[in-house]
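Reader: I am new to reading protein models and would like to go through this one step by step. Could you take my questions in turn?

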Amino acid sequence: MSRIGLKPITVPAGVEVSVDASNKVVVKGPKGTLEQQISKDLTINREDDTITVARPTDRKEHRALHGLSRTLIANMIEGVTNGYTKALDIVGVGYRAQKQGNKLVLNLGFSHPIEMEDPQGISVEVPTNTKIIVSGINKEQVGNYAAIIRELRKPEPYKGKGVRYENEVVRRKEGKTGK
């Protein structure tokens, strides 16, 4: 049994959720609109301010889609009400970030600065030159863009230099002299 798939989703006030015949879920809220195509095998029931997802059989595919679909709908509702943020820290001498219009300019020890255009629906803030905050309403897009930024210079294990998530713990190694 899927414990996550069985949980009902509560719809907060100010959020509209509509499900059509082909299981396309559209969520409208104060921060924007999100839509997601859910598998046609599952049934999505809307009763007053709760949504439940039910599966037809206990086949492996249906069990896998049950919890996933419920979580996708819950993340959409959370995104249009509160939004999602990911914070990144830059560690290293001379490593810094700055915002120029809708471009993020990163100096990460390469011979050239890296310029990244903000994707549609994602906003990037640079409160200090060693901190980046990626925010938006779609959890997948926010996490993906933060991962792309981190991938430019992953934290290395000897000095810990690079781009890391805010609370990420980097496992450190001893150098050649440490015995």
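Reader: Which residues does the domain assignment give to domain 1 and which to domain 2?

Author: This is a predicted model, and its chain has been divided by a domain assignment into two parts. Domain 1 is given as residues 4-82, and domain 2 as residues 84-165.

Reader: How far apart do the C-alpha centres of domain 1 and domain 2 lie, and how many residues does each bring to the contact?

Author: The distance between the C-alpha centres of the two domains is 31 Å. As for the contact itself, domain 1 contributes 8 residues and domain 2 contributes 4 residues.

Reader: How much area do domain 1 and domain 2 bury between them, and which residues of domain 1 lose the most?

Author: The size of an interface is often expressed as the accessible area that is lost when the parts come together. For domain 1 and domain 2 this comes to about 480 Å², with 62% of it on carbon and sulfur atoms. On the side of domain 1, 66% of the buried area is held together by the residues that lose the most to domain 2, namely L34, N75 and G79.

Reader: How many salt bridges and how many residue pairs in polar contact are counted between the two domains?

Author: Between domain 1 and domain 2 the count of salt bridges is 0. For polar contacts, where both residues must have pLDDT 80 or more, the count is 1 residue pair.

Reader: Which elements each supply at least two residues of the side of domain 1 that touches domain 2, and what classes of residue does that side have?

Author: Two elements, β4 (32-37) and α2 (60-81), each supply at least two residues there. Sorted by class, the side of domain 1 that touches domain 2 has 1 nonpolar, 5 polar and 2 charged residues.

Reader: Which residue stands opposite L88 in β12, and which is the bridge partner of D89 in β13?

Author: Strand β7 (residues 84-91) runs antiparallel to strand β12 (residues 131-136), joined to it by 6 bridges, and also antiparallel to strand β13 (residues 162-165), joined by 4 bridges. In β12, the residue opposite L88 is I132, while in β13 the bridge partner of D89 is R164.

Reader: What meets K24 in a salt bridge, and how many residues apart are the two?

Author: The whole structure has 9 salt bridges. In one of them, the side chain of K24 meets that of E35, at 3.2 Å from N to O. K24 belongs to strand β3 (residues 24-29) and E35 to strand β4, and the pair is 11 residues apart.

Definitions and conventions
Residues numbered from 1 in each chain as written. Predicted model: local features only at pLDDT ≥ 70, side-chain atom pairs only at ≥ 80, totals over all residues. Heavy atoms only, no water. Domains from an automatic or database assignment. Contact = heavy atoms within 4.5 Å. Buried area = accessible area lost by both parts, 1.4 Å probe. Salt bridge = Lys/Arg side-chain N within 4 Å of Asp/Glu carboxyl O. Polar contact = N/O pair within 3.5 Å; in protein donor to acceptor, adjacent residues only side chain to side chain. Nonpolar A, V, L, I, M, F, W, Y, C, P; charged D, E, K, R; others polar. Pairing = 2+ DSSP bridges.
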